[in-house]
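Have a look at the model first, and then read on.

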Amino acid sequence: MKENQKAEKLIFSETLNCKCPKCGAEESVRLNVIQKYAHNMGLSFFPMGKKYSFSCDKCHAEFEKKSLPESINNAYADVKSKIKTPISLYSGSFVILLILIGIFVAAYYTDVNTEEYLNNPQIGDVYKYATNEDEEGDYTLLKVVEIQADTVFFVSNKYNYSRGKYNNTLHEEDEYNEEDIYYFEKAELLKAYEDGKLMEARRKK
């Protein structure tokens with residue numbers, strides 16, 4: 001991770017109930033705990049360890065956590081349980097999780113709606129249909145214009161579109177070749193959906 005994606009935050013500062021081993025001052029040894037964390041775009045994503053600082057407010061003596069004098073170590077043990085990693089340091093991870101949940105929920109309801117629309121087609125429904133490999137673009141659009149029993153008649157869009165680009169003209173009449181009408185049996189539409197050829201069905205609200 002790049003250096004500019006790391007940050008630090010003071011999460012705990014308290015004077016310990018002990019004497020300074022250097023100058024003998026009572027309750028002068030302060031414990032500061034710095035939390036390191038990863039961040040990007042103004043969001044913190046996850047903690048990356050803590051830094052502990054033990055120093056006397058009177059004589060400014062400093063003590064290493066790994067070799068604390070017994071008096072400081074005992075006082076540290078008394079407050080250790082108070083040192084907590086702030087949940088806010090996971091805010092970026094929570095945002096990503098919510099986005100992923102939103103994507104999965106949207107995909108789920110897209111599948112549910114598509115199956116419903118294919119089983120019960122209506123005039124005006126639009127299907128995203130994968131183009132042939134020798135055609136430019138990833139998919140085209142098919143619009144239902146007539147239904148007779150289990151046969152669905154449709155016209156195709158004049159254009160092919162790249163996967164991932166949302167088409168804002170799904171229901172504009174002049175985007176379709178109204179002269180050329182094709183048809184699918186309903187079972188063929190469901191099979192095309194199972195095979196991934198028919199990618200999605202949409203219905204104008």
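## Ground rules

Helices (H or I, at least four residues) and strands (E, at least two) are DSSP runs, numbered from the N terminus. The model is predicted: local features need pLDDT of at least 70 and side-chain atom pairs count only at pLDDT 80 or more, while totals for chains, interfaces and linings use all residues. Residues are numbered from 1 along each chain as its sequence is written, and side-chain values use heavy atoms, with hydrogens and water left out.

Let's start with Thr140, which sits in strand β6 (residues 139–148). Its relative accessible area is 12%, so Thr140 is buried (buried means under 20% relative accessible area, exposed over 50%, partly exposed in between, with a 1.4 Å probe and protein chains only).

Which residues is Thr140 in contact with, leaving aside its neighbours within four places in sequence? They are Tyr127, Lys128, Tyr129, Thr131, Asn157, Tyr159 and Asn160, where contact means heavy atoms within 4.5 Å.

Strands β6 and β7 run antiparallel and are joined by 8 bridges; two strands pair if DSSP finds at least two bridges between them.

Strand β7 (residues 151–161) is mostly covered, with 8 of its 11 residues buried. β7 also pairs with strand β8 (residues 176–185), again in the antiparallel sense, over 6 bridges. Here Val155 stands opposite Ile181 in β8.

## The open sheet

Elsewhere, 4 strands form an open sheet with antiparallel pairing, in the order β1-β2-β3-β4. Its edge strands, β1 (6–15) and β4 (62–63), each pair on one side only. Strand β3 (residues 43–56) meets β4 in the antiparallel sense over 2 bridges, and Ser55 has Glu62 in β4 as its bridge partner.

## A nonpolar patch

Phe46, Met48, Ile87, Tyr90 and Phe94 make a nonpolar surface patch of about 460 Å². Patches are made of residues with over 30% relative accessible area and no salt bridge; like charges are joined within 9 Å, and nonpolar side chains (Val, Leu, Ile, Met, Phe, Trp, Tyr) within 5 Å. A salt bridge is a side-chain nitrogen of Lys or Arg within 4 Å of a carboxyl oxygen of Asp or Glu. Accessible areas come from the Shrake-Rupley method with a 1.4 Å probe; for residues, only the protein chains shown count as cover.

Phe94 is found in helix α2 (residues 91–119). Its relative accessible area is 39%, so Phe94 is partly exposed.
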